[in-house]
Every structure is written in C-alpha cells, then in structure tokens.
Amino acid sequence: MIELPQGQLYLVRPLSPKGYSELIFKDATTRIRRTGQDFQYQLVVQRVYEEGEAELLDDEEAEEEELNALAAEKDEKTFLLDEALHFRVEGREGSQKVLCWKDLSGDVGDVYEFVCDPSIKSDQVETFERIARQCQYERKYRKPHSTASEDDLQQFDFEEQPIPQASPIHSPTLARSIESSDAMFQLKNEANVSAKRDSIPSTSSVLGEPVPQPREEREVEPQPAKPTGPPEPAAQPEPLEILSMEIGELHFFDFPSGAFVLQDSSVTAQVSDIGNWNYWLHIASKDRQWLGIPVIADINPVFNFEFLSFIFNQFTEDGSAYSWLLRFKDNKTLERFQDGLMRALWEQLNELKWNKVKEQDRQYVLDAFEDLNMEDAPIEEEEEEEEPEVEEPENDAPQSEHYDEEEEQDDVETDEPQDSYTNSALAVGYKHDRSFVVRGPKIGVFKHTPKNHLEFTTNISKVETPKGASFVPKKVMLHNEDRNMILQNDTDPNKLYRMDLEYGKVVDEWNVHDDIPVLTFAPENKFAQMTHEPTFLGISQNALFRIDPRLSGNKLVDSQLKHYASKNDFSAISTTEKGYVAVASNKGDIRLFDRLGINAKTVIPALGEPIIGLDVSADGRWVLGTCRTYLLLIDAQQKSGKNAGKLGFEKSFAADSKPQPRRLALTPEHIAQFHHETGKGVSFTPARFNTGKTSAESSIITATGPYIVDWNLDKVIRGAKAPYIIKRYEDNVKADDFKFGTDQNVIVTLPNWVNMVGKQHLKRPTRESIAGDFQRLSTPRRSSGRVGTRESGRYKLGKDEVVNSPY
C-alpha cells in the first residue's frame, strides 16, 4: 500500500536491564500491506541487503534450499496494525523522522523505532502515518476508512511521552532509568487507588499491571459488530428464586491492552432462577447496571480459587463477544457464588434439579470447572518449553488443486472448486505412511514424505456399493494393516462396506443387524488396524456390540451385545491397547468396560454437554472427551482404597470416590478474541491424543473454526494457565489428527485443502497469532513451472499428480 524505502530498525528498552537499545536491521525498508482478511493490515519492516551480500549468502546455502526461506523470515518483522501498538511519528532536529510503536511482547516501556533515512521526504512520512490511521480505523470498526471523518481518525493520534533516542550514543544514565521506573510505579499506584480495599489483595496480584481506563472516544457512526467497550446491559427478568448473591470487584477484558481493567470496585453478582429451566446472571452496583446474561454453557465459566476469581464470557445479540472477571474477598464467598452458578448451569443443561444429584457427583462437577492440578502433577516449577528444532519451513502450497482438462501441464493454479463437495473426513494410517481424505463420493490418498510433507498419490474417484450405487461415506476407519477401509453410508445405517485400498473399490457389503443401526464404530483395540484382527466394535444409541465380518448373515455377535432398556443416547466409542472400551453419550456421561457383554465397571458423571468425540490413551490412564465448548480430560487411575493403582476399566471406583476430571477450555479472554476475529463461538472438532507404539501420549489436538489448537499434556496436568498453542487458517478446519508415532506433525484438512503442519508453526495465543498471518497465502508467487524437487517444501504439483477435484 505504501513504503518508506530506507531506514534503520531499533528495539529500545528504556527501563530494561537487558540493555537500552538494540539495532535490529542496519538497512531496512518499512511498508503497510494488506492481508487475506478484510480490514486487516500489517506493518512490515524488512532487512535490505547491501549489494552482493544476498548473492554471497545464497551461494553459501545453495545446498540447503529450504533453509533460505526460514532465514528470510528472520529478515522480516511483521506487526498487526492495531491501535494497541500506539503507532506514532515524531520529527527531530535536521528534519529526521522516527516511526515508533509498542513492543507488545516485551517489557513495560519497550518500543520499536524505525529511524527514517534523511532522503525520505516529510510528505512521504505524513502519508504513511495517515494510511496507518486509516488501517487501524478499519480494523477497529470493520468498515472502510472512507466512512471516517478526520475527527474519527484522530483517536489513533496517540499522545505519549517523547520517543526515546534509539542510538546507543544517547543512552540515558542509570539514574534516569531508576527515576523513570519510580515515576511509572507512582502512576500505577495512582491509577489503582480506587481499587484498594482492605479485605482484598492488590489487583495486580491477579490481573497483572492495571491499565488506565480508555479515554472516551469521539462519537462515530454506530458499528455494532465489533465494539471494544462494555455493552449496554439487557433488561433484568423477574427472578423466581435467588440461588446466590455476593459482593465483589468487576473487571472487563480490554482488547487493545490485552488485560482485565477494573470497572467497579463493589458490585453485586446475583444468580437467579427465572423459570422453565432458564437462569440469569445479573451484575450491578448501587449506581449502575453492568450486565445481565443467561447462564448457559457458552459463558465458559472458570473458577480460580488461588486468585479468588470467576472469569466468563458474554455474547450479545449483534454477535459481539466480551470477557469479564469477578473477584471476591475470600474463598467462602467464591464458594457460595460457585454453588449458585453451577447449580444454575447444571439445571439448565440437564433440566434436572441439582439437589437430586449425589453429593460425590456434585463435587465431581465442581472440580471440573476449577483451575486444579491433577494429583500426579510434578511439583517442580514449570520450565519454558524448548522450541523444537526447525528442519525446514512449512509447505503452505496446496497439496491438491483443481484439475482442468484444458490446462497446460506446467500452469496449474489453485482455483475455486467446480464440484459441490468439500473435504469432510480424515483417516491417518498407522501401518503405512498414508492419509486418506473423504470428499463427497471420492477419497484422496496422500503419502507422508520423509521431510514431513504430504504428497498426493492417487484418487479413488468413485465410492460405490458392490451393486454400483454411488454414496458419500459418513464415517471411515482403516482396517487390516491399513489395506482395507470400513465405510458407512449415511442413508443405510444398518450396513457397512469394506473397501480394498489396493484396488480402490468396495468389495464387501455387510448387514450388521436388521433392527440395530450402527451409530459409529471403532477398532477392537487401539492398534488393531496395524494387525490382521478381523473384528471391530460398534454402538447404537443404546447398545454396544462386536462386529465379526466372518459370520454368515448378520455380522453382529449376539453373545457380545450389551443392550440397554433405557435410552442412553450413546455418541462415541474408543478403545485402549488392551481392548478396554470407553463409551460416551449425548447426555455427557462416559462408561468404562473391561470387555463386552457386561455392565460398565465405572460410569463417569455428566457435566451436561453432549460428548461428540472420545479418545483414550493406549494404557487406559487418560480418557479424553470432546464437548462443543470444552474438552474433558479424566484420570481413570484409582488413587486410594483396595483398588489403588487399578484403572476404572478394571475395577469400579469406591462409592465415595470418582475419577478426577479436568475441563480443558480456551481462556474466556481468548474465546472473546477468537469471536472478535471470526464472529463465531467455539465449536471443537473431536480431540485426539498423539499415538505411537513406542511413545507415550504428550499432546492433544483439536480445532475450532479456522484454528487448530494443541494442548501440552504435561502442562495440563501441572495446571498451567492456557497450556495450548494455536495456528489460524483462512478457512474452517474440517478434520485434524497427528501423524502416527509423533506429536510434532499434524495433518490438517480444510474444505478444499490438505497439508501437514509442523508443531513449530503453532504459536502461543497473542493478538498476532489469533488474527493470523495470511500474507504468503494471499499473495502467492505465480510460476509456470515446477519448483524444487519432489521432496522439496516448495514442490509444485504437475497435471499428472493432481486430484480430479480439490482436496
């Protein structure tokens, strides 16, 4: 959009012991560029090589072609152009111009400075500053800057302290640094005077450094989609019964600063029953109504007793999302509030009175919503996780492209698909390095290369029954050493089909049972698909059974059928390496079996939301359930009593004991930021552990909307805050799973695209990573020929290697 072609980039730390000033790029250019997302722009600073320097480096690294792309990333600094940067321009003696913005990932006071070369004209810098304001306006209000007046753009003219000198020659003395620190500390204390209360510890112990109240913005044309301040409260319905009422502090998550800001030092938080299994959370002070929201699962409640806090989300009718924090004076107050809110949430989800639930089941539910450490968590301090060694850059080129009979062989570009189907399911091979992607009545086959990329192998272009009827597979499972695939046709749930992958066609049609439809199915044990094991397991809404294709007639094994008279509404099934079975339901409970045909050894109580996916660690220690808005990690090992050390699959838990749950959810502030970016709430895909015959589970992968989310299992067990990393894509993720035998590579399926991403490309949730960086995808380099070798990360598919429709 605009470029300043010459200058120097510094990182200045006025208050840091790390050093006052660091020269990042001696020669650099800065520009503002568009991204692949509407109203999203980036401030980019790129190193400029001296004449001959780049060619010399290219010669030295000619044999390591992939490393060049990685090195290029180190020669570029990218910043999401957001008002949180406090981007500003200052003129200095001799007509020198300096661009300055906050280092959001650094310490307090840290800034980046781009010192323009004297050859840069003042009007160029003024134009750059004006375009930067326009970009910030568009990001904030999600509409073109042409609708903004000059007054509207003035809110992005940040009045700050003078920009510190970048050159080390002008470094201040130590005394000046100390004085600045004292002044900053005094300002913080003054800003927090109104928050002090004798009965409550300092706000900074919970919320980090307090952020001053944002200044009142000039009135602009109403833009309901993306406001950043607290919304107007909804009308308060008449309560039939008050479940809890407590006094506390109210804090609001401020998007620009990325922190919770104190709104009111004394509010009353009331949870009430308003009838017909509906419940209401109302927060008000003596002189203001702050908010009123229904108590539903989407508020994503999190209780933290260490900091006496309750964090939750608010979603308004216009699609906006907010995050709030209530802080109470002591544990007893928080416990009373928790009892009332959890009773409301439980009754709303289950339409069952809380007092009818057993005491141990109630405690199980409460434990799941607290920030608790698992019992076997290591006690040592958490260390910074080392970044895995990066061998080569991620291949962001599509792994399959639209096939056009009229295209020239060396001119294949990614276009919109011409069929009406999108990718819908993924199956990852255990025995052989292959992945299979379902797209309508077709299946694409992809090879895992030694350098951890996907390479298209073939296309099974027609999935049809032995009688020739085409169908779209609803569910697929690899079987018999990955030589077969079991498929289900959604229109005929009583039958299953076996595809011979060597021939690429369905060769068997199995009638499972005339009266028992198959809801879903799973291998006989965790690694059965690597063997010749012929049988596998299935469930209907209220039955668990074994399927044996060797039987004549119906394939259901009657002697291993467990049929429940009541409707349990089963939804998912998973198995361990020993063949123990876990079955989940839409009611939210989970049953653990050591074998088929008998009652469950353990029934894990429901939290309320339906379970849509289930996985179990190979040893049976960890059970992982997926609900729409959170994951549920359960330790199935018994800790005390006569069965200590036994799994809930093997022996029932004592009457006064239950498995220990851990509810894995995105933090409410991250949920609000996800919603702020996408306009959609959280909806997880079925989560999975990484799997391998010789490696223990260490990570959990799932996705919501355009984000993949990777949880670190060790950090989860330790109780770390936000123990996950993310990556955003341009489209919603349809399916995802780890490559077999590792947690460092994830296979990701989008509606029209498939690839394998290295874990090093997932980042901690920040404004930058949540907004996403689509520059490489949105402005691809067009080429009329192939790039690199077949093993290269930049290999381009030729006509003979692309699929007949996109994957």
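A nonpolar core is a set of buried Ala, Val, Leu, Ile, Met, Phe, Trp, Tyr and Cys residues joined through side-chain atoms within 4.5 Å. In this predicted model, the largest such core has 56 residues. Leu-281, Ile-283, Phe-310, Phe-312, Leu-326 and Phe-337 have the most contacts inside this core. Helix α7 (residues 331–350) supplies the largest share, 7 residues. Another core lies apart from it and has 25 residues, including Leu-11, Cys-116, Ile-120 and Phe-128.

Residues up to four places away in sequence are not counted. Among its partners are Leu-281, Pro-301, Val-302, Trp-324, Leu-326, Phe-337 and Leu-341. Phe-303 is also touched by Phe-310. These two residues form a stacked aromatic pair, with 4.7 Å centre to centre and 25 degrees between the planes. The angle counts as stacked because planes under 30 degrees apart fall in that class. Phe-303 has a relative accessible area of 0% and is buried. Phe-310 is likewise buried, at 0%.

Aromatic pairs number 27 in the whole structure. Ring pairs also join Phe-79, Phe-87, Trp-101, Tyr-112 and Phe-128 into a cluster. Phe-128 is named as well among the residues of the 25-residue core. Charged side chains sit over ring faces too. Arg-288 lies over the face of Trp-290, 3.8 Å from the ring centre. Lys-475 takes up such a place over Phe-521, at 5.5 Å from the ring centre.

Helix α8 (residues 359–368) has buried residues of several kinds: Asp-361, Arg-362, Tyr-364, Val-365, Leu-366 and Ala-368. The buried residues of α8 pack against helix α7. They also pack against strands β30 (602–604), β33 (631–635) and β34 (660–664).

Salt bridges total 35 in the structure. Side chains of opposite charge can pair when their charged atoms come close. Arg-133 and Asp-157 meet at 3.6 Å, N to O. Arg-133 belongs to helix α3 (residues 122–141), and Asp-157 to the loop between α4 (150–154) and α5 (174–191), so this bridge ties together parts that are 24 residues apart in sequence. Arg-133 counts as buried, at 16% relative accessibility. Asp-157 is partly exposed, at 23%.

A second bridge joins Asp-615 and Lys-526, at 2.8 Å, N to O. Asp-615 lies in strand β31 and Lys-526 in the loop between β23 (520–523) and β24 (536–540), so the pair links parts 89 residues apart in sequence. Both Asp-615 and Lys-526 are buried.

Arg-688 and Asp-737 form a further salt bridge, at 3.8 Å, N to O. Arg-688 is in strand β35 (residues 688–689) and Asp-737 in strand β39 (residues 735–738), so parts 49 residues apart in sequence are tied together. Arg-688 is partly exposed, at 34% relative accessibility. Asp-737 is buried, at 13%. Elsewhere, a network of salt bridges links Asp-82, Arg-139, Arg-142, Glu-677 and Arg-728.

Ser-617 was examined individually. This residue sits in the loop between β31 (613–616) and β32 (622–626). Ser-617 counts as buried because its relative accessibility is 0%. Its side chain reaches the backbone nitrogen of Arg-621 at 3.2 Å. Beyond residues up to four places away in sequence, Ser-617 touches Thr-576, Trp-622, Phe-689 and Glu-697.

Key: Residues are numbered from 1 along each chain as its sequence is written. This is a predicted model: local features need pLDDT of at least 70, side-chain atom pairs count only at pLDDT 80 or more; totals for chains, interfaces and linings use all residues. Side-chain values use heavy atoms; hydrogens and water are left out. Helices (H or I, at least four residues) and strands (E, at least two) are DSSP runs, numbered from the N terminus. Buried means under 20% relative accessible area, exposed over 50%, partly exposed in between (1.4 Å probe, protein chains only). A polar contact is a pair of N or O atoms within 3.5 Å; within protein, one must be able to donate a hydrogen and the other to accept it, and residues adjacent in sequence count only if both atoms are side-chain atoms. Contact means heavy atoms within 4.5 Å. Rings of Phe, Tyr and Trp (its six-membered ring) pair if their centres lie within 6.5 Å; planes under 30 degrees apart count as stacked, over 60 as edge-to-face and the rest as tilted. A charge sits over a ring if NZ of Lys or CZ of Arg is within 6 Å of the ring centre and within 35 degrees of the ring normal. A salt bridge is a side-chain nitrogen of Lys or Arg within 4 Å of a carboxyl oxygen of Asp or Glu.
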